[in-house]
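Subject: Structure for you to look at

Hi,

Here is the structure I promised to pass on. Have a look at it first, then read my notes below.

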Amino acid sequence: MSKEMKYEEAFAELQNIVRRMENDEYSIDEIAVQLKAAQRLITLCKDKLTKTEEAIQKILDKE
């Protein structure tokens, strides 16, 4: 995740991690790594949603 990911990309990657976990596709060693990646993706998605919500609210407040 070196470049700034778009929300859609981050969400799709997060969905992929969850799907693979649900299907027991990760070894025990991989689970910890994937959980950390999922945590970063969740934070990124939440931050983007918060920023978008704030921008929308500013627009609505001006009207």
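Predicted model: local features only at pLDDT ≥ 70, side-chain atom pairs only at ≥ 80, totals over all residues.

First, a term: a helix here is a DSSP run of H or I that is at least four residues long, and helices are numbered from the N terminus.

Is V18 buried or partly exposed? Buried would need a relative accessible area under 20%. V18 has 39%, so V18 counts as partly exposed. If you look across to L35, 17 residues away along the chain, the C-alpha atoms of V18 and L35 are 9.2 Å apart.

Now for the way the helices sit together. Two packed helices are described by the angle between their axes and the distance between the axes. Here, α1 covers residues 7-22 and α2 covers residues 28-62. They pack at an angle of about 145 degrees, and their axes are 9 Å apart. The crossing of α1 and α2 is left-handed. On the α1 side, the contact is made by Y7, A10, F11, E13, L14, I17 and M21. On the α2 side, the residues include I31, L35, L41, C45 and L49. Sorted by type, the residues of this contact come out as 15 nonpolar, one polar and two charged.

Which residues make up the largest nonpolar core? There are ten of them: M5, A10, L14, I17, Y26, A37, A38, L41, L44 and C45. Both α1 and α2 supply at least two residues of this core, and the largest share, five residues, comes from α2. Leaving aside residues up to four places away in sequence, M5 touches A10, E13, L41, L44 and K48.

Side chains of opposite charge can pair when their charged atoms come close. How many salt bridges does the structure hold? There are three. In one of them, K48 pairs with E4, and their closest N and O atoms are 2.9 Å apart. K48 lies in helix α2 and E4 in the segment before α1, so this pair ties together parts that are 44 residues apart in sequence. K48 is partly exposed, because its relative accessibility is 24%, while E4 counts as exposed at 60%.

The side chain of E25 meets that of R19 at 3.4 Å, N to O, and that of R20 at 3.0 Å, N to O. R19, R20 and E25 are therefore linked in a network of salt bridges. As for accessibility, R19 is partly exposed at 39%, R20 is partly exposed at 26%, and E25 is partly exposed at 37%.

One last stop: D24, in the loop between α1 and α2. Most residues other than glycine have a negative phi. D24 is not a glycine, yet its phi is positive, about 55 degrees. D24 is also exposed, with a relative accessibility of 69%.

Cheers

Definitions and conventions: Residues numbered from 1 in each chain as written. Heavy atoms only, no water. Axes fitted to C-alpha atoms, helices over the stretch in contact; angles between N-to-C directions. Left-handed = near helix turned anticlockwise from the far one by under 90°. Contact = heavy atoms within 4.5 Å. Nonpolar A, V, L, I, M, F, W, Y, C, P; charged D, E, K, R; others polar. Core = buried A, V, L, I, M, F, W, Y, C linked by side-chain atoms within 4.5 Å. Buried < 20%, exposed > 50% of the residue type's maximum accessible area, 1.4 Å probe, protein only. Salt bridge = Lys/Arg side-chain N within 4 Å of Asp/Glu carboxyl O.
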